[in-house]
Amino acid sequence: MLKEDILNLLAQHTPSFSWDKPSSFFTAKKISEQFSVKRNTVSHYLNKLVEENKIIKINTRPVFFLNKEVFESEFFQVSRVKFNSFSELLEDEHREEEAKQQQYFSSLIGADGSLKKVIEQIKSTVFYPVRGLPILLHGPTGTGKSMLAKMVWEYSIKNGVLEKDAVFLSFNCAQYANNPELLSSNLFGHEKGAFTGADKTHIGMLEKANGGILFLDEVHRLNPESQEKLFTFMDNGLFRRMGESDKDRFSNVRLIFATTEEPDKHFLNTFLRRIPVKAWIPPLYERGHKERIQFLYFFFLEESRIIQKKISISSKVINILANQNNKGNIGGIKSLIKSLTASLFANKQDEDELVLRLRDIPSAIFDEMSLNSEKKMIQNTLITIHPNDNIEQLYQSAIRERVIIKNVFKQIFGFFEDLLNKKVDGDQFESNVSNKINDLLDKLIFEGVSDQDSLILKYIISSIQEVSKYLEASYQIQFNGNNLYAIAYYLYFRNQQHFNWDNHEYDILENLYEHVLSNAIGANQITRRMVKLIEMKLDTNLEKEDEIFLTLYLNALHLNNKKVRTKGIILAHGYATASSIANVTNRLLKSNVFEAFDMPLDTNVEEMATKVKEYIEYNDTSKGLVILVDMGSLKDIYSRIQNVIGSPILIINNVSTLMAIQVGELIQKDVYPDELVEKVKKSYNTKFKLIYPEKEKQRVIVTTCFTGMGTALQLKSLLEDSIPKSIDIKVIAHDHERLKTQGTREALFQLYNVLTIVGTANPNVQRTPFISIEDLVSGKGEERIRKIFSGLTNENMIKTINDNIVRNFSLKRVLDSLTILDTDKILEHIESSFQSLEILTKKRIPNDKKISLYIHISCMTERLIRQVPMEYYRDVEKFVKSQKESIEIIRSAFSVIENVYNVKIPIEEIGYIYDILNY
């Protein structure tokens, strides 16, 4: 079979794949040449193999395909099978590794809060080449330094930095602080006779820990001499046992130090300089309310498992314990909870549940309670912990916020699938998304952050506020403070984490992105500019998910769009010439009419033109743009921007403050550039150039279906397979209802040159030709296809396109693309229904309507089998009342579908069948 042969061929050649110069052998064209079959046939099978998760697809030009199983055995595991570029595929390796690394520390309380920086420091020490980097953990007693050191060892083994049998040795320097000789012996070892009582050779901790990790606790108790010996070892890995004078020994050991003291006060400077990473482990009271609550739940769960009983704790008790100034830190709170549980257990051994209330709290705790603990009035409830509970169910884990964000994306995907399956209309989709996004942002804002990270959040908020000022001036919109805080909190908790989607989710993401680009154009234009500015301000890289999220959020805000007017910019050489003129003008006019671009004297025209192009790209210049320049570069600028403009642009030479004020006043009065130049000519003897757009809009074909976006997207795919990529025509799937109600007012028609609309029903858009799916299937659309492509390509290419469409839009091929059902069987059952319908209505069903019904009934049957029927139909109650007889006839005629496939056709689906029959 050809499909298996293609898979085997790729399996043979994938090991030879080169990243530097990918061979064209891995493209559909070259593979088709190998088997002497048409490229489209090979493309069909390749895409089927991608859907089956057997082939990796890289959507470059041309598209490349690799055998997934062989690729993973030769290179690395992949998280999905579709990638936009080779660099994205390469990044997948590192993201998988990052995901593993992140996962290890994710269960640690404070991993995304108070210990976030510590974990980053730990990772930097672990992966540093050769012997890693020494790290000093410093913080009060009971903060978990020993536990962290042990985790570093486990983490190093998990990531292959250390061998699986690498040792972890712990040594407490305080035990030997009063006996330096014995301390040195334990660390470095000694030879027989090295000192009184040394009756045999002793191997020290440095040798025993070779290949592993040595943890030195209370390291501030080392005397200066021991510190000197240690920093010599840190320099080169060499040491001598006590009593050795001429033999250097080597040990490949990684060192972790811990101290409860301030490092600068207890160590030699020469010792500290050898420890590049110093991680502060904060005391419990600095770790934020959320983390203290997490520790309480964690230790109560431990006790519940020990005594094998449920423990219920009053929320007031939780609040008091969380706000207690526990000097013992984590160890202290653990002891306290063990003591409270033991006391309850002793008195209530026969009961199935232990209940801890305020009366059970020792009076000493009330005396030590923080003054702030009971300032808030809270409703008292019981928190019940079972022995078999999962800790993540009890407290919000370290990765909770990012998990919530990912889950919200999944819910948005679900809303979008409802839209595609016509279970909701466009307005309901936007409402569902808006509610979900607002719920998420509310959670994130009220979640709060640790004191340590509050500075980071403040910086993000400040940056977003700066970005908003620019956007407000550029797009005549108005943000409010809550919007900006919401965006800042989203970016903070999003934290640049890459989401790994499965193939189905990835496809939904891509289709949702296309939907956003087509249906939220204004919001997306603002978002794209916002993303660029955020990336520059915060030194980060946002992903496609972020662009989708922010576009949907801004679209739902319905930002206060002021009246769009002609834009103005000033280009001038000098340190602040343009800024000075713009500043004075804007202040006098009490409006930000002009944006300034200051340029050094040696700036060339190309750089000036680039500035103008960037401004046009990110600003709404649909009403025109006035450019005031200082020195005769107007002609050169004109020649470099002429091909990118989409509206009139007026360039005026020899700018001055007075000129800027006059031009600014005219802009404020909504005087268009062509009229404005006539007024300026009367006052100034200067050169000017008025440019009209020459750039053509990209040509597109729009696919649509009144039963949902899912069919429209499938039609899009079939058309893309039919039209060679050498012809610069884009295919866009669009919502039928919006096309029908908005017509040419829809933003799609402002951005693109729409050649035709292809679909199941004509939305009747003025001056836009329509080709029905039944005409493509029956061959009646050939003349309209020829008319669309004539003038765009030659006769041979038009014939090729038509042949491709005839092949791809055969009824069987269309149904193969739209459903997973056995095409021959479903066609047979639908034909039987047609016969019944014609008998009941005593009318013959026209061929074009039959084709539409073949497609619709096939898709409907699959939806019903999957239990995702359409749940939206306009005026369904009115339809039921006015068309009772038609409903019964349709239900009776198509009962064969219900019986064969064991489904029930709902009234909404019957409504669509009625529409097709009577359209």
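**Figure 1. Surroundings of T566 in the predicted model.** Setting aside neighbours within four places in sequence, T566 of this predicted model is in contact with K623, G624, L625, V626, I667, V671, Y672 and P673. T566 is placed in the loop between α24 and β16, the latter spanning residues 567-573. The relative accessibility of T566 is 5%, and the residue therefore counts as buried.

**Figure 2. D670 in the loop between α28 and α29.** D670 belongs to the loop that lies between α28 (657-668) and α29 (673-683). The phi angle of D670 is near 60°, a positive value in a residue other than glycine. Most residues other than glycine have a negative phi. With a relative accessible area of 32%, D670 is partly exposed.

**Figure 3. The largest nonpolar core.** This core has 63 residues, and those with the most contacts inside it are L471, L491, M530 and L554. At least two residues of the core are supplied by each of α18 (400-420), α19 (426-447), α20 (451-475), α21 (481-494), α22 (503-519), α23 (521-538), α24 (544-557) and α30 (709-722). The largest share, 10 residues, comes from α18. In soluble globular proteins, nonpolar side chains tend to be buried together.

Figure 4. When residues up to four places away in sequence are not counted, L491 touches I460, I464, I534, L538 and L542. A second, separate core comprises 57 residues, among them A761, L853, M870 and I910.

**Figure 5. Packing of α37 against α38.** Two packed helices are described by the angle between their axes and the distance between the axes. Helix α37 (residues 823-841) packs on helix α38 (residues 847-865) at an angle of about 120°, and their axes are 10 Å apart. This angle makes α37 oblique to α38. The crossing of α37 past α38 is right-handed. From α37, the contact is made by I826, L827, I830, E831, F834 and E838; from α38, by K850, L853, Y854, I857, S858 and T861.

**Figure 6. K842 in the loop between α37 and α38.** K842 lies in the loop between these two helices. Although K842 is not a glycine, its phi is positive, at about 60°. K842 has a relative accessible area of 78% and is therefore exposed.

**Figure 7. Crossing of α6 and α7.** The axes of helix α6 (residues 116-126) and helix α7 (residues 145-158) come within 11 Å and cross at roughly 50°. The two helices are therefore oblique to each other. The passage of α6 past α7 is a right-handed crossing. V118, I122, K123 and V126 of α6 make the contact with L148, V152, Y155 and S156 of α7.

**Figure 8. Packing of α1 against α3.** Helix α1 (residues 2-13) and helix α3 (residues 39-51) pack at an angle of about 75°, with 10 Å between their axes. These helices are therefore roughly perpendicular to each other. The residues of α1 that make the contact are L2, K3, I6, L7 and L10. Those of α3 are T41, V42, Y45, L46, K48 and L49.

**Figure 9. I313 in strand β13.** Strand β13 (residues 310-314) contains I313. The relative accessible area of I313 is 0%, so this residue is buried. I313 and L358 are 45 residues apart along the chain, and their C-alpha atoms are separated by 9.3 Å.

**Figure 10. The protein as the setting for the close-up views.** The protein contains 42 helices and 24 strands. Of its 919 residues, 52% are buried. Among contacts between residues at least 6 apart in sequence, 73% join residues at least 24 apart. The accessible surface of the protein comes to about 44100 Å², and carbon and sulfur atoms account for 47% of that area.

Conventions:
Residues numbered from 1 in each chain as written. Predicted model: local features only at pLDDT ≥ 70, side-chain atom pairs only at ≥ 80, totals over all residues. Heavy atoms only, no water. Helix = DSSP H or I, 4+ residues; strand = E, 2+ residues; numbered from the N terminus. Buried < 20%, exposed > 50% of the residue type's maximum accessible area, 1.4 Å probe, protein only. Contact = heavy atoms within 4.5 Å. Areas by Shrake-Rupley, 256 points an atom, 1.4 Å probe, with all protein chains shown as cover. Core = buried A, V, L, I, M, F, W, Y, C linked by side-chain atoms within 4.5 Å. Axes fitted to C-alpha atoms, helices over the stretch in contact; angles between N-to-C directions. Parallel < 35°, antiparallel > 145°, perpendicular 65-115°, else oblique. Left-handed = near helix turned anticlockwise from the far one by under 90°.
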